[in-house]
Amino acid sequence: MRRWRTPAALLLAVTLLMACSGQRPVAGGPPGGEPAATGPTQGGRLVYALSADANGFNPVTDQFAAQSYSMVGTIIEPLVSVAADGDWKPYLAESVTPNKTYDEWTIKVRSGISFSDGMSLTGDIVKANLEAQKASPLTAAVFVPIKSFELADPMTVKVVLNQPWVAFPYYLSTQTGMMVPPASLSDPKAASLKPVGTGPFIFKEYVPDNRMVVTRNPRYWRQGLPYLDEIEFRILPDTQTRAQTLEAGGVDAMGTSRDEDLTKFGAMKDTYTVHRAQGMAVAEYMFLLNTAAAPLDDVRVRRALAHATDRETVISTLRGGLTQPADGPWSKDSKWYTEGGYPGYDPAKAAALVKEVEAEKGPIRFELISTPDPNTMQGVELAQDMWRKAGIDVTIKQADQADLINRAITGNFAATVWTQFSSQDPDGEYIWMHQGYAKPVGEVSLNMTRLKDDKLSAAFDRGRAVADEAVRKQAYATVQERLRELVPYVFIDHLDTGAIVARTKVRGIGEHLLPDGEKGLPLTGSPIPYHPFGQLWVSER
């Protein structure tokens, strides 16, 4: 099992999944072809194909990606969850309550919950977990606004902040809010290999790069759950192999982001169901630009790239026409979205800007980084061709994912292909864009474009500090305006081809209920989404 242990990679680990805060997603595609519902049944085994292995199962020390949440989420649960309408809801917490100024939050722990090792969940354990997250090199950046954690009573923790933070509970729905027992905190290496939590399943077996198996937790605190006896997560990195294995009956469900899988399996409604992520749970595909290094420190060059990029051609070529163009971090179905201002496809404008810059500074040349995956390379080569037609000399450099990420956060790049921004609340993108997180080239920077803009940062500060929704909407309108003016990212599309394909016998995907009976967020994460497993069941065994 590959683990990234450089400080840069560890800091990014937190970030890519803090993108787990987005807005108002809806359950993926219609379940046409599912047999008539007769109600959940107990028992059965599910084999579920994932696109990659986890880098460890400890939320305090290991980077979590979508596949990590799929596996670990069966065992370890968070203090907060997210409802289908995008609002945060208490989960292991009974309540999460702010003071009037939103610079203190009180977390009341739900009673009657135990870890699978028999230890009861209490306020002091919650406090210890949150303190461990604040101290961890992996997640410390997220908790910078937190001054202290105080135990108000045996089941209550007060979080004292340095500033108002109205969206704070969303961060407790990700790995930073996941609760592990004291034994896991004291032995993080063991916790990384054999996770223990309060969840519906308990750890049984793990074979790196092959499979993880979990079994039903007989003492789970949510009565009657889970329905399944066992889940085997099978690691199948190759997308074509995953699809073939599903067709052959070797697995019961899989994650995918290929448009051909959506088309193929979606047409076989009697055999398969397709569930697509939508709304702010969907990340954006883009090119990340280094605004702190020539030639992309010149906004004219960045705008030329945007004007030279034909997003519709990319979508028709790479996505089968299934996605929508992106002009910022939020899609048009989000309440936070505002129209206008993005530099659209205009080859003449692109060429004019290039000539203007060349007259002052000479030819424009830079390197574009990509992973070697053939689908990714196809998109990168499309961009290279479009940008060359505008007069920009672009060479492509291949790098594996770990190296690409390290180069991005240390500033050792000009441009790179990128996927990000799936937070349920716009504040989830604060650390990626605020100038307070932009460090010089050579230093670890969560703001990987290294863009420093007072107006954009002030807008993020206002959106974080003010609870009034109208004020927040105006703040995030300013964020979008500045991103479109300064172009630190060349946005392409909203990656809603991320989906779960399952045999019709697999029921309950994207249909889970929260402890209060409200519908939970169906799917989140990208490019391949994830979802809870405690309420999945099979209609035949």
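How many helices and strands does the secondary structure of the protein come to? The count is 15 helices and 21 strands, taken as DSSP runs numbered from the N terminus (helices are H or I with at least four residues, strands are E with at least two). Keep in mind that this is a predicted model, where local features need pLDDT of at least 70, side-chain atom pairs need 80 or more, and totals for chains, interfaces and linings use all residues. Residues are numbered from 1 along each chain as its sequence is written, and side-chain values use heavy atoms, without hydrogens and water.

Here are some whole-protein numbers:

| Property | Value |
|---|---|
| C-alpha span along principal axes | about 70 × 55 × 40 Å |
| Buried residues (under 20% relative accessible area, 1.4 Å probe) | 59% of 541 |
| Accessible surface (Shrake-Rupley, 1.4 Å probe) | about 19,700 Å² |

Carbon and sulfur atoms hold 51% of that accessible surface.

Now for the helix pair. Helix α8 (residues 299-308) packs on helix α15 (residues 469-486) at about 95°, with axes 8 Å apart; axes are lines fitted to C-alpha atoms over the stretch in contact, and angles run from 0 to 180 degrees between N-to-C directions. The two are therefore roughly perpendicular (65 to 115 degrees). V299, R302 and R303 of α8 meet R484, E485 and L486 of α15, with contact meaning heavy atoms within 4.5 Å.

Key. Angles under 35 degrees count as roughly parallel, over 145 as roughly antiparallel, 65 to 115 as roughly perpendicular and the rest as oblique. Buried means under 20% relative accessible area, exposed over 50%, partly exposed in between (1.4 Å probe, protein chains only).
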